[in-house]
Amino acid sequence: MNEYSKYSFWLETCGENLTPRPPLPKSIEVDVAILGGGFTGLWTAYYLLRTNPRLKVAIVEKEIVGFGASGRNGGWCSSKFPVTPAMLERRYGIKAARELMLAMCDAVDEVGRVCAEENIEAHFHKGGILTLARGAHHLPMIRASFDAYQRLGLGDQYQLLSADQARERVRVTNISGGLFARENASLHPGRLVRGLARAVEKRGGSIYELTEVSRFEGGSVPRFGTPSGEIRARKAVVLAGESYLSQLPALHRVVLPVYSLISLAAPLTEMQWQQVGWINRESLASCNYTVDYLTRTPEGRILFGSRGAPYRFGSKISEEQDRHAETHSRIQNLVLEWFPMLQGIQFTHSWGGPVGMPRDWMPMTHFDLTTKIATARGYAGQGVSTTNLTGRILAELISGQRTALSALPLAQRRSPLWEVEPLRWLAVRYMQNAFFRIDQAGEQGKPKDAFLAEYLGRH
Ligand SMILES: Cc1cc2nc3c(=O)[nH]c(=O)nc-3n(C[C@H](O)[C@H](O)[C@H](O)COP(=O)(O)OP(=O)(O)OC[C@H]3O[C@@H](n4cnc5c(N)ncnc54)[C@H](O)[C@@H]3O)c2cc1C
């Protein structure tokens, strides 16, 4: 097995041996150069080439395609957006918020369509998302989300469930109710990201792996600098490195790397599944601020993901954070707390990775016509479908063939920068600790002592 397979179950089971493609051999000139072989870079390349098959597009990836969050996530391909519908409504008004939510639903279906068209066996399954109120303190949150979707005229996509109705779908402890959202899918992200790379190559795109971009420059001929030479681009350079962009000095404060960690159980027996239910394979979530996301994989495993590994000073990214033992053990305890009938269950894989948090929680796409620098980033841990939308928007902005997508609120905008250290570290660690305290207080029926964090967390 190739050493890259250790980064996630998805890379291990993507059906490829993960031998890196050759690095950039020498300086080259292309139309569009893209930093990052994740979903953002690949979708952008894919739609650029679909619009104009003669375009010369090159992707430069410091490791291998799918090394970043795209090859490590929870497999939710969802119409959920990092900013809540109520907040979108407040920031942009009902019409723009509704259009964005509809575009997100379309992005989910578009991912499924491309998988079918390009023969990408990504196990796309449109099972919806069931958000569970675990305790009465979660019920007002679920009700508020449902009300906000109704105000946007999207109420028919959502169904409020009583505790009994939710329990009929899955037998999780402590359920007080639920919200079912049908326009959501789950998939095998490793197969999607690797399959997309093949689709890009089939359409004439080039991918150079093991090639790190150390600097970028805008201008009439923007360029990337790498150890083996420059890539000069006639039309645009695209920065599609998500959380890793924070490691480039010029972009240090644009996103914050926050770790999301996953533990994966061994396949359950038929008897265990009869006890658990969950036959529709919806993705599951709680309303916790510390984020709980679950997937039932096609081979009958439970994937449980959550936040928790502490933010490191200076936005440090390290493999040691992927393996943060305390967080993985908390996640494994949560599996048993949710499903006590699974005592003795084994966990075969634990991994994690950084997600890119923008200062205002709002993803962005931007193309500067003067510098010819384009970017899409800041998915706040919800990028599997959002990258499809931003990839299409970036392709439109770069090719100049704009549609209504380029007028969505996430197009041609920039998020504010994060604070400088040590302020950033203090603020983020306060938020991380406060989210734990809010969740615990709710479970114990105690008053919350972290009002500021609660306010900031309601994005
Ligand atoms: C554990 C985890 C669980 C998640 N779960 C979900 C989920 O269930 N659903 C969901 O919607 N989202 C989820 N996300 C988020 C989602 O995976 C991301 O938002 C999405 O994959 C971002 O794609 P991207 O291409 O922008 O970034 P990435 O996939 O991170 O790709 C960026 C690439 O750029 C490369 N790179 C960085 N710097 C350089 C450089 N200087 N030179 C060359 N290459 C460089 C990196 O190696 C990397 O491959 C999760 C993320 C994590 C980490």
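Me: Leaving aside neighbours within four places in sequence, which residues is Leu389 in contact with?
Reply: This is a predicted model, to start with. In it, Leu389 is in contact with Leu100, Ala103, Met104, Ala107, Leu405, Leu408 and Leu410.

Me: And which residues touch the most other members in the largest nonpolar core?
Reply: Leu389 is one of them, along with Leu42, Phe81 and Leu192. That core has 82 residues.

Me: Which helix gives the most to this core?
Reply: Helix H4, residues 94-117, with ten residues.

Me: How many residues are in the second, separate core?
Reply: The second core has 27 residues, and Tyr259, Leu268, Leu284 and Phe339 are among them.

Me: Back to H4 for a moment. Where is Arg113, and is Arg113 buried or partly exposed?
Reply: Arg113 sits in helix H4. Its relative accessible area is 39%, so Arg113 is partly exposed.

Me: New topic: where is His324 found?
Reply: In the loop between helix H9 (319-322) and helix H10 (325-338).

Me: Why does His324 count as buried?
Reply: Because its relative accessibility is 18%, and buried means under 20%.

Me: What does His324 touch, not counting residues up to four places away in sequence?
Reply: Leu261, Ala309 and Pro310. As for Trp351, its C-alpha is 8.9 Å from that of His324, and the two are 27 residues apart in sequence.

Me: Zooming out, how many helices and strands are there in the protein?
Reply: There are 13 helices and 18 strands.

Me: What share of the residues count as buried?
Reply: 60% of the 459 residues. The accessible surface comes to about 18,100 Å², and carbon and sulfur atoms account for 53% of that.

Me: Of contacts between residues at least 6 apart in sequence, what share join residues at least 24 apart?
Reply: 75% of them.

Me: Last one, charges: how many positive and negative side chains are there?
Reply: 54 positive and 44 negative, with the centres of the two sets 3 Å apart.

How values were computed. Residues numbered from 1 in each chain as written. Predicted model: local features only at pLDDT ≥ 70, side-chain atom pairs only at ≥ 80, totals over all residues. Heavy atoms only, no water. Helix = DSSP H or I, 4+ residues; strand = E, 2+ residues; numbered from the N terminus. Buried < 20%, exposed > 50% of the residue type's maximum accessible area, 1.4 Å probe, protein only. Contact = heavy atoms within 4.5 Å. Areas by Shrake-Rupley, 256 points an atom, 1.4 Å probe, with all protein chains shown as cover. Lys, Arg positive; Asp, Glu negative; His and termini not counted. Charge placed at Lys NZ, Arg CZ, Asp CG, Glu CD. Core = buried A, V, L, I, M, F, W, Y, C linked by side-chain atoms within 4.5 Å.
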